[in-house]
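Dear colleague,

Please find the structure below for your records. My findings on its helix packing follow.

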Amino acid sequence: MDVSIIIVNYNTSKFLKNCLLSIYEHTKNIEFEVIVSDNGSSDDSLDMIKTYFPQVILIENNKNLGFGTANNRGLEIAKGKYIFYLNSDTVLLNNAIKIFFDYFENNNKDNLIGALGSNLLNPNMTIGESYASSCGGNCNSYNDILKDVLLYMLRVWFIFFKTLFGYKLKHIKKNHEFTKKIGNVGYIIGADLFLKNNEFARFDENFFMYFEETDLQYQMKKNNLSRLLIEGPQIIHYGGASSDNIDYEVLDTAKFSMINLFISRIYFCKKNFNGKLKLLLLKLYTTLIWLNPLIVKKTGKNILKIWKI
């Protein structure tokens, strides 16, 4: 088996159907299997898979295990030489999996490639935002993360004080076009992550949601393995299909997905970086963000969780 495609699903039946259709339409000249690890979906996802895609290997987790853990359940039964972690809210436009496979096979003589990804596309075919949609690179040091969180904390409090003088919260703008990135990056997001079926393919299950792929590839970095975005694969990423959606500045921070992002960031730092004082500051900045009166009703109850990490 050349490639095992692993897709985590949670109530994204319509997206998942289109994703699977695109895989079987475009993936040619390669031996592959598709594994869907379902996190207890309450929509018609399971019936849809069994009806339209009986060839898919379906894992019914019966509850939401989180992104990394659900992927690991697929990894445990995967037979492929390579693993392709793919989001359910993606659509392949060409033989992307074969392109990834050929690149790995033809360019890894020194065994220094850790993972491959592509510049994911918005639905309007523009390049997606690099950090949110294809890759990221600002998680390689404590100072970078502390700076980002501090600036975010100042921003949300600045906006709160503006509301006291009648400022109305704005919709968050999405789907801007960004510059294409090719070559080595800090990490590739888990929406289209192609890698060898080895010890570096397994996620740390302490991450429920977010930073699991960052952590996985940080371990690659420590072992001098590159993470590359390559030309060729064309994949649309709709983004956030299984997450709640508020889409207002500051209020966006109160989303379930964003709360988990903050929690995972703290665990990532504690696991990978030294510095008790910096960890304390990170927890303090996060606490101050969550205590903002605009969001505290939803975020405040999670403060204890970060101080237990």
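Helices α6 and α9 cross in a left-handed sense (left-handed: the near helix is turned anticlockwise from the far one by less than a right angle). Helix α6 spans residues 142–163, and its axis lies 9 Å from that of α9 at an angle of about 20°. The two are therefore roughly parallel (angles under 35 degrees; over 145 counts as roughly antiparallel). Axes are lines fitted to C-alpha atoms over the stretch in contact, with angles from 0 to 180 degrees between N-to-C directions. Helices are DSSP runs of H or I with at least four residues, and strands are E runs of at least two, numbered from the N terminus.

This is a predicted model, in which local features need pLDDT of at least 70 and side-chain atom pairs pLDDT 80 or more, whereas totals for chains, interfaces and linings use all residues. Residues are numbered from 1 along each chain as its sequence is written, and side-chain values use heavy atoms, without hydrogens or water.

Helix α9 (residues 276–290) also meets α8 (residues 256–272): their axes come within 10 Å and cross at roughly 170°. Helix α8 is therefore roughly antiparallel to α9.

In helix α4, the residues A96, I97, K98, F100, F101 and F104 are buried (under 20% relative accessible area, with a 1.4 Å probe and protein chains only). Their cover includes strands β1 (3–9) and β6 (113–117).

Yours sincerely

Note on methods
Parallel < 35°, antiparallel > 145°, perpendicular 65-115°, else oblique. Buried < 20%, exposed > 50% of the residue type's maximum accessible area, 1.4 Å probe, protein only. Contact = heavy atoms within 4.5 Å.
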